[in-house]
Each structure stands twice: as structure tokens, then as C-alpha cells.
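Me: I'd like to learn how to read a structure like this one, feature by feature. Can we go through it together?

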Amino acid sequence: DIIFEKTVLQKLIDSKHEISIIVDLAWKEYWETRFENPLDDAESLILDDGFITNIGQKPLTLEQIQGQYIGLMKFQNNGVEYLKEFYNHSKNIAKTGTNPLNFKIPFEQSYVTDLLQSMINSGYKLKAVTIEHGWLELDTFNDYQLYNKLHESKQLTKFIKLIKN
């Protein structure tokens with residue numbers, strides 16, 4: 001449900017951190033193009049010294065959004081083991097009837113951001129690999145129509161550079 005420039009993927013590949021998450025710092029202009037009120041769809045994302053401290057919550061204000069998680073992440077070295085151990089531990093707790101990732105929903109309905117926030121809460125360091133544009137999210141037919149309109153008017157390039165091979 002996303003497309004992205006090669007440069008976005010390369011930044012993620014180049015990250016040396018065990019857990020790396022792509023974060024778009026220029027999210028607001030993009031969300032304002034897609035939504036009448038960006039707070040209707042955007043999720044919280046707060047950074048501290050290049051690491052994510054809050055992700056995936058329903059924000060009350062724009063100040064709770066320093067960027068947007070675009071859905072790309074990388075786990076490497078010990079990060080792979082951290083993810084597997086944390087997921088399995090959380091899944092075992094959920095068998096007792098309480099979802100440790102999000103108490104409001106069943107474990108199987110948890111979002112990736114629920115998992116990431118729980119990892120942060122447990123002390124794991126999630127490095128924000130920052131970008132400014134270079135990707136599109138395609139969630140609805142309205143998104144598709146908007147992107148076609150922006151492409152026809154030559155305005156889509158402010159969000160993503162599409163290359164023909």
C-alpha cells in the first residue's frame with residue numbers, strides 16, 4: 001500500500017542501527033493534500049535525539065506529530081532476535097486474556113505501531129531514519145484519484161519522483 005523512491009530504501013539499507021524505522025519529517029504538506037483535517041488520519045510520532053519515543057497513537061494536536069512512520073523498517077543483527085523474543089513474549093501474555101500491545105483490542109488485531117510502541121515502552125531503541133517525501137500511501141480510491149490528478153497537473157513530483165525504466 002506504499003510506493004517509494006529507491007533513495008528511501010537506500011537510506012534504510014544504509015542504517016547501521018539494530019532497529020531502523022523510516023520517518024517522513026515533511027509529512028504535513030502531504031497529509032494536508034490527502035485530508036481535509038490531517039489529524040483525522042495522522043498518528044503520533046515523537047522523536048528524541050533521533051530515536052522514536054512515541055508512535056502510532058491518536059494525536060490530539062499537530063505538536064504530537066514530528067513525522068510519520070511510512071511502513072518501512074529494518075531489523076538487523078540483535079534487532080532480529082529482539083523482535084522475535086518480544087513478539088513471542090507478548091503473544092504468550094496475550095494467551096492469558098490481556099493484549100500487552102493494546103489492551104483495547106485482541107492480540108491478533110494489533111497494529112505494527114502497537115508492537116513498536118510496546119517495544120519502546122520496554123526500553124528498546126528504535127532509530128528514526130528520516131526522509132522528506134519520496135513516497136506515497138495508497139489506501140483508498142480517493143488516493144488513486146488524487147494522485148492521477150496531481151500527476152496530470154505535474155504536482156505529484158513534490159511528493160515523489162517517479163522514474164520510468
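Me: Let's start with charges and rings: over which ring does the charged end of Arg34 sit?
Reply: The general idea is that a charge sits over a ring if NZ of Lys or CZ of Arg is within 6 Å of the ring centre and within 35 degrees of the ring normal. Here, the charged end of Arg34 sits over the ring of Trp31, 5.4 Å from its centre. Likewise, Lys125 has its charged end over the ring of Phe51, 5.8 Å from the centre. Keep in mind that this is a predicted model, where local features need pLDDT of at least 70 and side-chain atom pairs count only at pLDDT 80 or more, while totals for chains, interfaces and linings use all residues. Residues are numbered from 1 along each chain as its sequence is written, and side-chain values use heavy atoms, with hydrogens and water left out.

Me: How many aromatic pairs does the structure hold?
Reply: A pair of aromatic rings is described by the distance of the centres and the angle of the planes. Rings of Phe, Tyr and Trp (its six-membered ring) pair if their centres lie within 6.5 Å; planes under 30 degrees apart count as stacked, over 60 as edge-to-face and the rest as tilted. This structure holds ten such pairs. Take Trp27 and Trp31: their ring centres are 6.2 Å apart and their planes are at 70°, so this pair is edge-to-face.

Me: Is Trp31 buried or exposed?
Reply: Buried means under 20% relative accessible area, exposed over 50%, and partly exposed in between (1.4 Å probe, protein chains only). Trp31 is buried at 2%, and Trp27 is buried at 4%. Trp31 also pairs with Phe35: the centres are 6.3 Å apart and the planes at 35°, so that pair is tilted. Trp27, Tyr30, Trp31, Phe35, Trp135 and Phe159 form one aromatic cluster.

Me: At what angle do H2 and H5 pack?
Reply: Axes are lines fitted to C-alpha atoms, for helices over the stretch in contact, and angles run from 0 to 180 degrees between N-to-C directions. H2 (residues 27-34) and H5 (residues 141-152) pack at about 105°, with axes 10 Å apart. That makes H2 roughly perpendicular to H5 (under 35 degrees is roughly parallel, over 145 roughly antiparallel, 65 to 115 roughly perpendicular, the rest oblique).

Me: Which residues meet there?
Reply: Contact means heavy atoms within 4.5 Å. From H2, Tyr30, Thr33 and Arg34 meet Asp143, Leu146, Tyr147 and Leu150 of H5.

Me: And what about Ile70: buried or exposed?
Reply: Ile70, in strand S5 (residues 68-75), is buried at 4% relative accessibility. Ile22 is 48 residues away in sequence, yet 6.3 Å away in space, C-alpha to C-alpha. Beyond neighbours within four places in sequence, the contacts of Ile70 include Ile22 and Trp135.

Me: How many residues of helix H4 are buried?
Reply: In H4 (residues 112-121), eight of ten residues are buried, among them Leu115, Leu116 and Met119. These buried residues pack against strand S2 (19-24), S4, S5 and helix H3 (78-94).

How values were computed:
Helices (H or I, at least four residues) and strands (E, at least two) are DSSP runs, numbered from the N terminus.
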